[in-house]
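Visitor: Please show me how to read some features of a protein model, one at a time.

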Amino acid sequence: MPFFKSFPFGALCLLGCSFALAESDANLESRQNVLEGWESPSYYPTPLGGWVPEWEEAYAKAHAVVSNMTLAEKVNLTTGTGFFMGPCVGQTGSAERFGIPRLCLQDGPLGVRNTDHATAFPAGITVGATFDKQLMYDRGVAMGEEFRGKGVNIHLGPSVGPLGRKPRGGRNWEGFGMDPSLQGIGSAQTIKGVQSTGVIATVKHLVGNEQELFRMIFPIQPVGFLSKPYSSNIDDRTMHELYLWPFADSVRAGVGSVMMAYNDVNSSSSSQNSELINHLLKDELGFQGFVMTDWFAHQGGVSSALAGLDMAMPGDGAVPLLGTSHWAGELSRSVLNGTVPVERINDMATRIVATWFKLGQDKDFPAPNFSSHTDAETGLIYPGAVVSPIGVVNQYVDVQDDHNTVARAIARDAITLLKNEDNVLPLDSNASLKVFGEDAGPDPQGLNSCADKGCNRGVLTMGWGSGSAKLPYLITPEEGIKAKAPKTEFHITDKFPRDIEADPEDIAIVFINADSGENFITVEGNPGDRTVSDLYAWHHGDELVMDAAEKFSTVVVVVHTVGPIIMEKWIDHPSVKSVLVAHLPGQEAGMIADILFGEHSPSGHLPYTIPRSESDYPESVSLINDPFKKIQDTFTEGLFIDYRHFQRTNTTPRYPFGHGLSYTTFSLTSPRLTPVTPLTEYPPPRPAKGTPPTYPDTIPSASEVSWPEGLTRIWRYLYPYLDNPTSIKPGDDYPYPEGYSTTPKPPPRAGGAEGGNPALWDVAFTVEVTVTNTGAVSGRAVAQLYVELPPQVVPDTPKLQLRQFEKTKVLQPGESEVVRMDITRRDLSVWDVEVQDWKVREVGKGAKLWVGGSVEDLRVVCEIGGECGDA
Ligand code: NOJ
């Protein structure tokens, strides 16, 4: 077992680099190569937290505590104690006098990363494919219980950024699909589930982290050149209607923390971007929790504090393990010398403590009982220090409970049937079956044989990187199939056996996959994003299918994939009768057998479009690869990503967004539209802000950050203390950013509560549709509601936008269910960039609400101000 289970981030250089970044208040460099027209405006000061009624009690408790804290205690909560300086992937300092422990932050979005006896749930993309809100919530609850059981205070998920703009993007699979409403609903349900257990959820990464390559400061060796993160240049309307949309849902769901992205947004680094944090997140969306950096994304001390950042993770600056930080003692110094306003440090600490109270972590919350860094029972308490006390670091607490029930339900209900000619599926378990492909079997080198799933061997259960988790066990497709059809012949290899006999009644089942992940690991030449694999199946998967299709007259293809793959080489081959996408199923990959043999009808739907060719996408969503200059990634396609683009350009996809067949058929009838809340052009005026708690603004005594007597210092551990703090003089030469001000801005009219003006969530209409199982077997249907705004009144708007969905229970043949979907004011609005508010044109009149089984399979429609009927 290696000493470190995994080593995140450009480890190659980070340990041996010849440069060191200045860990000081100065920005690394001020904005470089700003693209004209794409500059992020200034927005200061940071709005204080604690002005919505839902958080009043938590803020009152936090105020009582923070009022009595020393500066050192406050700073301690804001800064991680350093990389590998505790059991978790990140941890804050503590405020022991008030019972606040070091808070443990741990990945990731599909389960507790890098530990034992924890469930490896299906990935976000799989959850999205279920289109099942209840399962989204149930997985959140189950994950919350597991994080809590391991003693994790802050869960680093869900992920909704990337949104999936770039089909090759490495981490799209951590989120729920390439659509803002699907992401928003998935995220909100997950957050509510996780936080119902008292664990703080973290929605990430705000915003525009749409590709992995060059996402962060990266040393190019051996030239010693420092590449800067790319800038995602996003216009105001696209920001609101696409990329910020799921974050708004997350804030409305009460999320406790937000992680910023690595990349710049409009040429300002996300973690010190005052427009993003102070304006959009804290003022407009009314976020009351705390904002953290992504790991090593912290680039400026004072600048990030002023821009609204509340927590630096893991505490180190851009280079780990130097024992230096932009914050820790340097934040203490900046408060003492008057550069960072006292009000700001109080707000940072209050936001963190209020969130801790809000989630009830002051009562019986367990301490971490695992180590993210080693499997051994005993080990270094502070592995990053090397010289460290030794103690018990792993207690191997089993937190799985019966969570495999929800994991199995998701793995099964996500499976998406793309094609089923001659009703080849479901299979008879007595049929003559031959299974091909390594993707049906286990990792030949053993379960969890590569750190953070940084390899593609055996069945693909998840992508790689911080969004992965160890498999506590794995039910492979091979095992699942064997249990139901013991006579099946298995060829767990990606090389098609040339000498195989094929009888006419034989059915070949071919398993293929496509992987991607996070940039700190390169797998088979792919540095996170799918660079060398293109959008094709890995390991010559297309050849395997073709070879099988040449030999067998009936072929079923099963695909485990992180996102869209191009199937053109074989999809129209006459032998390829059926195709199932099983997404990323986690530990329960064997559930494919339930679908293959018809125990359940498939009910998953594509959370993205499958194109015929990569050139079907807009050029602007290609990966950008240029290490030698600052990359400007301008989102020129605006709102037109995925199906929105295909519809605009009249491009026929291979399979449209939302597509998914069943073994039965469904009718959608009797659409009914009920007006609920009358609309106005703009929402009614926002509620006034409540009064946040305040504190005296006197600079604390320097002695509050003196080294405590008798403290045994740990080498490289990050402390809030300073040598000789009484010698600190007022720092009156700090170059405050242009536009810096300490006078609060008038509250934005689009704000007013968590998520924005609460009237945005007024239900404007409900749509009811009767779904009837018209086939011969039982199954579940998904009703997807797409809004079409009248094109003449809303230019540059995608023709159709998914805004709601509902999944039925299991319907028996002949059985019906009426599904009801609420359409809110926001769902019918566009962002008015002039007025800076959400506008409903002509009070929604003429807008059409389509309901169907995919974006291309619309069955019924209701027109606002008109009739409902068949599409
Ligand atoms: C970097 C990743 O981008 C983020 O998602 C993760 O939570 C942190 N590392 C911590 O591992």
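Visitor: What does E145 count as at its relative accessibility?
Guide: Buried means under 20% relative accessible area, exposed over 50%, and partly exposed in between (1.4 Å probe, protein chains only). E145 has 37% relative accessibility, so this residue counts as partly exposed. The model is predicted: local features need pLDDT of at least 70, side-chain atom pairs count only at pLDDT 80 or more, and totals for chains, interfaces and linings use all residues. Residues are numbered from 1 along each chain as its sequence is written, and side-chain values use heavy atoms, with hydrogens and water left out.

Visitor: Where is the place of E145?
Guide: Helices (H or I, at least four residues) and strands (E, at least two) are DSSP runs numbered from the N terminus. E145 sits in helix α5, which covers residues 133-149. The protein has 17 helices and 30 strands.

Visitor: Which residues make the nonpolar surface patch?
Guide: Areas come from the Shrake-Rupley method with a 1.4 Å probe, and for residues only the protein chains shown count as cover. V386, V387 and W715 make a nonpolar patch of about 360 Å². V386 lies in the loop between β12 (378-380) and β13 (390-392), and counts as exposed at 52% relative accessibility.

Visitor: Is G384 buried or exposed?
Guide: G384 is also found in the loop between β12 and β13, but at 2% relative accessibility G384 counts as buried. Of the 871 residues of the protein, 67% count as buried.

Visitor: How many salt bridges are there?
Guide: Side chains of opposite charge can pair when their charged atoms come close. The rule asks for a side-chain nitrogen of Lys or Arg within 4 Å of a carboxyl oxygen of Asp or Glu, and the count comes to 52 salt bridges.

Visitor: Which side chain meets D264 in a salt bridge?
Guide: K630 does, at 2.3 Å from N to O. D264 lies in strand β9 (residues 264-265) and K630 in the loop between α16 (592-596) and β20 (632-634), so the pair ties together parts 366 residues apart in sequence. D264 is buried at 6% relative accessible area, and K630 is buried at 7%.

Visitor: With which residue does D542 form a salt bridge?
Guide: The partner is K569, with the closest N and O atoms 3.9 Å apart. This pair links distant parts of the chain, 27 residues apart: D542 is in helix α15 (residues 541-551) and K569 in the loop between β18 (555-561) and β19 (576-581). D542 is buried, with a relative accessible area of 6%, whereas K569 is exposed, with 52%.

Visitor: What does E815 form with K809?
Guide: E815 and K809 form a salt bridge, their closest N and O atoms being 3.0 Å apart. E815 counts as partly exposed at 25% relative accessibility, and K809 counts as partly exposed at 42%. Elsewhere, salt bridges that share partners join R171, E174, E212, R215 and E518 into one network.

Terms used: Patches are made of residues with over 30% relative accessible area and no salt bridge: like charges are joined within 9 Å, nonpolar side chains (Val, Leu, Ile, Met, Phe, Trp, Tyr) within 5 Å.
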